[in-house]
Amino acid sequence: MTSAMRKLTLIGANGMLAKAIKKLTPANYHIQFYDLPDFDITDRAQVLALQDSAPDIILNCAAYTQVDGCESHRELAMRVNGEGPGLLAEVAKDIDAVLVHVSTDFVFAGDKKEPYREDDPTGPLSVYGQSKLLGEQRILQSGLEKYFIVRTSWLYGQGGNNFVETMIRLARERTELKVVDDQRGTPTWTDDLAEAIFKLLAVVDAPHPSPLTPPSPYGIYHFSNEGECSWYQFAAEIIDQARNFESLQVENILPIPTEGYPLPAQRPKYSVMSKEKYKAATGMQVRDWRESLRNYFLERGK
Ligand SMILES: NC(=O)c1ccc[n+]([C@@H]2O[C@H](COP(=O)([O-])OP(=O)(O)OC[C@H]3O[C@@H](n4cnc5c(N)ncnc54)[C@H](OP(=O)(O)O)[C@@H]3O)[C@@H](O)[C@H]2O)c1
């Protein structure tokens with residue numbers, strides 16, 4: 001890997017994943033930050049003006065991430081999660097930059113019984129999933145060749161509203177928690193995803209085996225932590241690990257079916273993703289979700 005300086009434009013720079021990106025950016029990257037209210041990914045003129053700073057990489061962490069909110073704000077979801085990434089692809093193509101875009105396991109219908117691969121058919125069940133799929137399609141349709149679309153799942157990390165923090169808060173306040181046990185997926189720590197994104201970018205800089213036939217590292221990748229669980233099992237593990245750091249009110253955690261906790265947006269029953277493509281491209285292993293949760297607690301405690 002070369003240590004040439006790289007200019008990185010970080011979109012959605014105040015969000016949860018972006019915080020991990022900032023923390024873990026290698027020394028040879030110079031970052032510029034963009035987020036609401038000064039920068040709006042849906043504003044064509046603002047997005048096209050990104051070319052003025054001539055970034056090597058545009059990394060998009062911006063999204064309308066309220067899954068249930070998307071059901072009642074379809075147009076906004078489609079603009080932010082769908083059309084916005086298309087504009088970024090347009091500018092990346094114009095200036096020959098690499099676009100890294102983060103997508104979601106919710107592009108899948110969840111009717112598989114084994115981990116989803118990158119080329120499996122999509123079938124989003126929610127407006128959020130449809131809007132994120134539109135974002136992927138806009139990038140593919142743009143003709144941009146230098147892109148990474150990284151689908152991830154069940155993200156948690158420092159500085160964000162997420163399931164881990166919600167469970168800890170509820171476990172402080174209540175003696176009983178009921179958590180859905182019939183949706184299975186894989187939690188992902190933002191730090192691990194941020195590291196994975198930089199590993200994929202490093203593949204671009206790595207010398208190719210043959211200059212005549214350079215293999216293209218670009219495309220769609222899946223990245224989550226390793227293993228799988230239901231939301232109920234995730235909650236039980238969170239409470240278990242949190243007890244190493246504080247005492248909690250909660251006494252019982254009860255598994256319930258999805259129907260027992262109705263929400264506006266339908267979620268996939270199963271959205272575990274295969275990381276084989278990522279591992280082959282980077283030569284990296286992926287940490288088990290329980291281990292990453294332990295690391296998150298250690299970081300959080302600092
Ligand atoms: N969280 C998860 O469980 C999960 C799971 C799978 C995939 N993902 C994907 O992972 C990525 C990062 O998620 P995250 O949880 O880090 O998201 P996040 O914390 O909600 O951060 C998103 C950021 O984007 C900003 N933003 C929203 N609309 C914008 C616009 N029109 N123009 C510019 N910036 C805008 C937000 O600003 P405001 O806060 O001011 O709106 C926020 O700072 C997203 O692509 C998401 O779809 C997340």
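Tutor: A residue is called buried under 20% relative accessible area and exposed over 50%. The model discussed here is a predicted one.

Student: Why is Asp96 called exposed?

Tutor: Asp96 has a relative accessibility of 53%. The cut-off for exposed is over 50%, so Asp96 counts as exposed.

Student: Why does Trp154 count as buried?

Tutor: The relative accessibility of Trp154 is 9%. Buried means under 20%, so Trp154 counts as buried. Trp154 too has a positive phi, of about 45°, without being a glycine. Its place is the loop between S5 and strand S6 (155–156).

Student: Is Val80 buried or exposed, and how do you know?

Tutor: Val80 has a relative accessible area of 14%. With the limit for buried set at under 20%, Val80 is therefore buried. Val80 belongs to helix H4. Leaving aside neighbours within four places in sequence, Val80 is in contact with Ile41, Thr42, Ala63, Tyr64 and Pro85.

Student: What makes Gln66 exposed?

Tutor: Gln66 has a relative accessible area of 53%, and exposed requires over 50%, so Gln66 is exposed. Gln66 lies in the loop between strand S3 (57–60) and H3. Gln66 and Gln241 are 175 residues apart in sequence, and their C-alpha atoms are 27 Å apart in space.

Student: How many helices and strands does the chain have, and why is the chain called as compact as a globular protein of its length?

Tutor: The chain has 10 helices and 12 strands. Its radius of gyration is 19 Å, and the globule rule gives 19 Å for 302 residues, so the chain is as compact as a globular protein of that length. Along the principal axes, the C-alpha atoms fill a box of roughly 60 × 40 × 40 Å. Of the 302 residues, 51% are buried.

Student: What share of the contacts with a separation of 6 or more joins residues 24 or more positions apart?

Tutor: That share is 80%. A contact here means heavy atoms within 4.5 Å.

Student: What makes a group of residues a nonpolar core, and which members of the largest core touch the most others?

Tutor: The members are buried nonpolar residues, such as Val, Leu and Ile, joined through side-chain atoms within 4.5 Å. The largest core has 31 residues, and those touching the most other members are Ile11, Phe39, Val47, Leu50, Ile58, Leu88 and Leu99. Helix H3 (67–72), helix H4 (74–95), helix H5 (127–141) and strand S5 (147–152) each give two or more residues to this core. H4 provides the largest share, 8 residues.

Student: Which residues is Ile58 in contact with?

Tutor: Apart from neighbours within four places in sequence, Ile58 is in contact with Thr9, Ile11, Leu88, Val91, Ala92, Val98, Leu99 and Val100. Val100 is itself listed in a second, separate core of 29 residues, which also includes Ala18, Tyr29 and Phe198.

How values were computed
Residues are numbered from 1 along each chain as its sequence is written. This is a predicted model: local features need pLDDT of at least 70, side-chain atom pairs count only at pLDDT 80 or more; totals for chains, interfaces and linings use all residues. Side-chain values use heavy atoms; hydrogens and water are left out. Helices (H or I, at least four residues) and strands (E, at least two) are DSSP runs, numbered from the N terminus. The radius of gyration is taken over C-alpha atoms; the globule rule is 2.2 Å times the number of residues to the power 0.38. Buried means under 20% relative accessible area, exposed over 50%, partly exposed in between (1.4 Å probe, protein chains only).
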